[in-house]
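Q: Hi! Could you walk me through this model? I have a few quick questions.

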Amino acid sequence: MDLRLEGRSIVVTGASSGIGLAAARVLLEEHASVTTCARDFKRLADAYRGLEGDQAERLLLMRCDVRNREEVQQLIDAAAIRFGALMVSSTTQDKAAWERSWKRPTRSGRMSCT
Ligand SMILES: NC(=O)c1ccc[n+]([C@@H]2O[C@H](COP(=O)([O-])OP(=O)(O)OC[C@H]3O[C@@H](n4cnc5c(N)ncnc54)[C@H](OP(=O)(O)O)[C@@H]3O)[C@@H](O)[C@H]2O)c1
(Lines give C-alpha, C1' and ligand atoms only; values in the text may rest on other atoms or scores of the structure.)
Protein backbone atom coordinates (compact mmCIF):
# COMPACT_ATOMS: atom_id res chain seq x y z
CA MET A 1 0.00 0.00 0.00
CA ASP A 2 1.31 3.48 -0.82
CA LEU A 3 -0.87 6.27 0.54
CA ARG A 4 1.74 8.87 -0.43
CA LEU A 5 2.08 10.11 3.14
CA GLU A 6 5.85 10.42 3.25
CA GLY A 7 6.71 13.87 4.63
CA ARG A 8 3.18 14.45 5.93
CA SER A 9 2.63 15.46 9.56
CA ILE A 10 -0.46 13.83 11.03
CA VAL A 11 -1.98 14.08 14.53
CA VAL A 12 -3.92 11.08 15.84
CA THR A 13 -5.85 11.64 19.06
CA GLY A 14 -6.95 8.75 21.26
CA ALA A 15 -3.98 6.76 20.03
CA SER A 16 -3.06 4.51 22.96
CA SER A 17 -5.56 1.79 22.03
CA GLY A 18 -8.24 0.74 19.59
CA ILE A 19 -8.75 2.43 16.27
CA GLY A 20 -6.44 5.35 17.12
CA LEU A 21 -3.50 3.04 17.85
CA ALA A 22 -4.20 1.00 14.73
CA ALA A 23 -4.41 4.14 12.59
CA ALA A 24 -1.18 5.57 14.00
CA ARG A 25 0.69 2.32 13.32
CA VAL A 26 -0.51 2.21 9.71
CA LEU A 27 0.43 5.86 9.21
CA LEU A 28 3.94 5.18 10.54
CA GLU A 29 4.24 2.19 8.20
CA GLU A 30 3.15 4.55 5.42
CA HIS A 31 6.11 6.85 6.23
CA ALA A 32 4.07 9.72 7.74
CA SER A 33 5.27 11.68 10.76
CA VAL A 34 2.74 10.98 13.50
CA THR A 35 1.89 12.91 16.67
CA THR A 36 -0.22 10.80 19.01
CA CYS A 37 -2.03 11.67 22.22
CA ALA A 38 -4.10 10.25 25.06
CA ARG A 39 -4.80 11.33 28.64
CA ASP A 40 -2.77 8.52 30.22
CA PHE A 41 0.78 9.16 29.01
CA LYS A 42 2.23 5.95 30.45
CA ARG A 43 -0.32 3.82 28.64
CA LEU A 44 0.38 5.79 25.45
CA ALA A 45 4.15 5.25 25.78
CA ASP A 46 3.64 1.55 26.52
CA ALA A 47 1.57 1.19 23.34
CA TYR A 48 4.55 2.22 21.18
CA ARG A 49 7.31 0.60 23.20
CA GLY A 50 9.62 -1.42 20.99
CA LEU A 51 9.23 0.84 17.98
CA GLU A 52 12.71 1.52 16.57
CA GLY A 53 14.66 3.36 13.91
CA ASP A 54 12.94 5.49 11.35
CA GLN A 55 9.42 4.88 12.70
CA ALA A 56 10.45 5.90 16.23
CA GLU A 57 11.97 9.10 14.84
CA ARG A 58 8.70 9.96 13.10
CA LEU A 59 6.63 9.48 16.27
CA LEU A 60 5.81 12.14 18.88
CA LEU A 61 3.90 11.17 22.04
CA MET A 62 1.93 13.83 23.92
CA ARG A 63 -0.33 13.78 26.96
CA CYS A 64 -3.50 15.62 25.96
CA ASP A 65 -7.16 15.63 26.93
CA VAL A 66 -9.01 16.78 23.82
CA ARG A 67 -11.70 18.37 26.04
CA ASN A 68 -9.10 20.91 27.14
CA ARG A 69 -8.58 23.62 24.56
CA GLU A 70 -5.17 24.71 25.85
CA GLU A 71 -3.88 21.14 25.79
CA VAL A 72 -5.14 20.71 22.24
CA GLN A 73 -3.37 23.89 21.21
CA GLN A 74 -0.17 22.63 22.82
CA LEU A 75 -0.59 19.33 20.97
CA ILE A 76 -1.02 21.03 17.61
CA ASP A 77 1.83 23.46 18.24
CA ALA A 78 4.19 20.67 19.29
CA ALA A 79 3.33 18.65 16.19
CA ALA A 80 3.80 21.66 13.91
CA ILE A 81 7.14 22.56 15.49
CA ARG A 82 8.46 19.00 15.33
CA PHE A 83 7.09 17.87 11.97
CA GLY A 84 5.64 20.87 10.12
CA ALA A 85 2.24 21.40 8.52
CA LEU A 86 -0.57 19.18 9.76
CA MET A 87 -3.26 16.71 8.91
CA VAL A 88 -5.44 15.70 11.89
CA SER A 89 -7.15 12.38 12.54
CA SER A 90 -9.38 12.34 15.62
CA THR A 91 -10.64 9.04 16.97
CA THR A 92 -11.75 10.18 20.39
CA GLN A 93 -15.34 9.68 21.40
CA ASP A 94 -16.26 13.25 22.21
CA LYS A 95 -16.32 14.66 18.69
CA ALA A 96 -18.16 17.84 19.77
CA ALA A 97 -15.50 18.63 22.37
CA TRP A 98 -12.77 18.07 19.82
CA GLU A 99 -14.46 20.39 17.31
CA ARG A 100 -15.08 23.06 19.97
CA SER A 101 -11.42 22.97 20.88
CA TRP A 102 -10.33 23.13 17.27
CA LYS A 103 -10.66 26.81 16.43
CA ARG A 104 -7.31 28.19 15.42
CA PRO A 105 -6.09 27.21 11.96
CA THR A 106 -2.62 25.74 11.65
CA ARG A 107 -0.06 26.44 8.99
CA SER A 108 -1.81 24.43 6.32
CA GLY A 109 -4.92 22.41 5.52
CA ARG A 110 -6.37 19.87 7.92
CA MET A 111 -8.40 16.71 7.76
CA SER A 112 -10.62 15.27 10.49
CA CYS A 113 -11.74 11.63 10.50
CA THR A 114 -13.88 9.88 13.12
N1 LIG B 1 -12.68 0.37 17.22
C2 LIG B 1 -13.34 0.47 16.05
O3 LIG B 1 -13.31 -0.42 15.19
C4 LIG B 1 -14.15 1.72 15.75
C5 LIG B 1 -14.76 1.83 14.51
C6 LIG B 1 -15.45 2.99 14.20
C7 LIG B 1 -15.56 4.00 15.14
N8 LIG B 1 -14.99 3.87 16.34
C9 LIG B 1 -15.09 4.98 17.29
O10 LIG B 1 -13.78 5.42 17.59
C11 LIG B 1 -13.75 5.87 18.95
C12 LIG B 1 -12.66 5.12 19.70
O13 LIG B 1 -13.00 3.72 19.78
P14 LIG B 1 -11.94 2.66 20.26
O15 LIG B 1 -12.59 1.33 20.15
O16 LIG B 1 -10.65 2.85 19.52
O17 LIG B 1 -11.78 3.07 21.81
P18 LIG B 1 -10.63 2.77 22.86
O19 LIG B 1 -9.87 1.53 22.52
O20 LIG B 1 -11.27 2.88 24.19
O21 LIG B 1 -9.59 3.98 22.67
C22 LIG B 1 -9.92 5.26 23.08
C23 LIG B 1 -8.64 6.08 23.00
O24 LIG B 1 -8.98 7.45 23.18
C25 LIG B 1 -8.25 7.98 24.28
N26 LIG B 1 -9.12 8.99 24.85
C27 LIG B 1 -10.34 8.86 25.40
N28 LIG B 1 -10.81 10.04 25.81
C29 LIG B 1 -9.86 10.96 25.51
C30 LIG B 1 -9.75 12.36 25.70
N31 LIG B 1 -10.71 13.06 26.30
N32 LIG B 1 -8.64 12.98 25.25
C33 LIG B 1 -7.65 12.29 24.65
N34 LIG B 1 -7.69 10.97 24.45
C35 LIG B 1 -8.79 10.31 24.89
C36 LIG B 1 -7.95 6.77 25.17
O37 LIG B 1 -6.82 6.96 26.00
P38 LIG B 1 -6.93 7.69 27.45
O39 LIG B 1 -8.09 7.03 28.16
O40 LIG B 1 -5.61 7.48 28.09
O41 LIG B 1 -7.19 9.14 27.18
C42 LIG B 1 -7.63 5.76 24.09
O43 LIG B 1 -6.32 5.96 23.59
C44 LIG B 1 -15.14 5.65 19.53
O45 LIG B 1 -15.87 6.85 19.41
C46 LIG B 1 -15.70 4.56 18.63
O47 LIG B 1 -17.12 4.63 18.62
C48 LIG B 1 -14.28 2.74 16.67
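This is a predicted model: local features need pLDDT of at least 70, side-chain atom pairs count only at pLDDT 80 or more; totals for chains, interfaces and linings use all residues.

Q: Thanks! How many helices and strands does the protein chain have?
A: There are five helices and four strands in the protein chain. Helices (H or I, at least four residues) and strands (E, at least two) are DSSP runs, numbered from the N terminus.

Q: And in what order do the elements run?
A: Starting at the N terminus, the order is β-α-β-α-α-β-α-β-α.

Q: What share of the residues counts as buried?
A: For the 114 residues of the protein chain, the figure is 35%. A residue is buried if 20 or more other C-beta atoms lie within 10 Å of its own, exposed if 12 or fewer, and partly exposed in between, with C-beta atoms placed from the backbone.

Q: Let's look at β2. Why is it largely enclosed by the rest of the structure?
A: Because six of the six residues of β2 are buried. S33, T35 and C37 point one way, V34, T36 and A38 point the other way, and all are buried.

Q: Nice, what's the general rule behind that pattern?
A: Side chains in a regular strand alternate between the two faces of the sheet.

Q: Which strands pair with β2?
A: β1 (residues 9-13) pairs with β2 in the parallel sense over four bridges, and β3 (residues 59-63) pairs with β2 in the parallel sense over five bridges. Two strands pair if DSSP finds at least two bridges between them.

Q: How does the chain get from β1 to β2?
A: It crosses through α1, and this β-α-β crossover is right-handed. The term means that, with the strands pointing away from the viewer, the path from the first strand over the helix to the second runs clockwise.

Q: Are the residues of β1 buried or exposed?
A: Five of the five are buried, so β1 is largely enclosed by the rest of the structure. S9, V11 and T13 cover one side, with I10 and V12 on the other.

Q: What does V34 touch?
A: Leaving out residues up to four places away in sequence, V34 touches I10, V12, A24, L27, L28, R58 and L59. Contact here means C-beta atoms, placed from the backbone, within 7 Å.

Q: Which residues touch the most other members of the largest nonpolar core?
A: V11, V12, L27, V34 and L75 do, in a core of 23 residues. The largest share, five residues, comes from α4. Such a core is a set of buried Ala, Val, Leu, Ile, Met, Phe, Trp, Tyr and Cys residues joined through C-beta atoms within 7 Å.

Q: Switching to the ligand: which residues are closest?
A: G14, G18, A38, R39 and D40 are the closest of the 21 residues that surround the ligand.

Q: Where does L51 sit?
A: L51 is in the loop between α2 and α3 (53-57). L51 is partly exposed, with 14 other C-beta atoms within 10 Å, and L51 touches A56 and L59, not counting residues up to four places away in sequence.

Q: Last one: which residues other than glycine have a positive phi?
A: R4 and H31 are among them. Phi of R4 is near 55°, and R4 is exposed, with 9 other C-beta atoms within 10 Å. H31 has a phi of about 75° and lies in the loop between α1 and β2.

Definitions and conventions
Residues are numbered from 1 along each chain as its sequence is written. A residue is near a molecule or strand if its C-beta atom, placed from the backbone, lies within 6 Å of it. Two residues are in contact if their C-beta atoms, placed from the backbone, lie within 7 Å.
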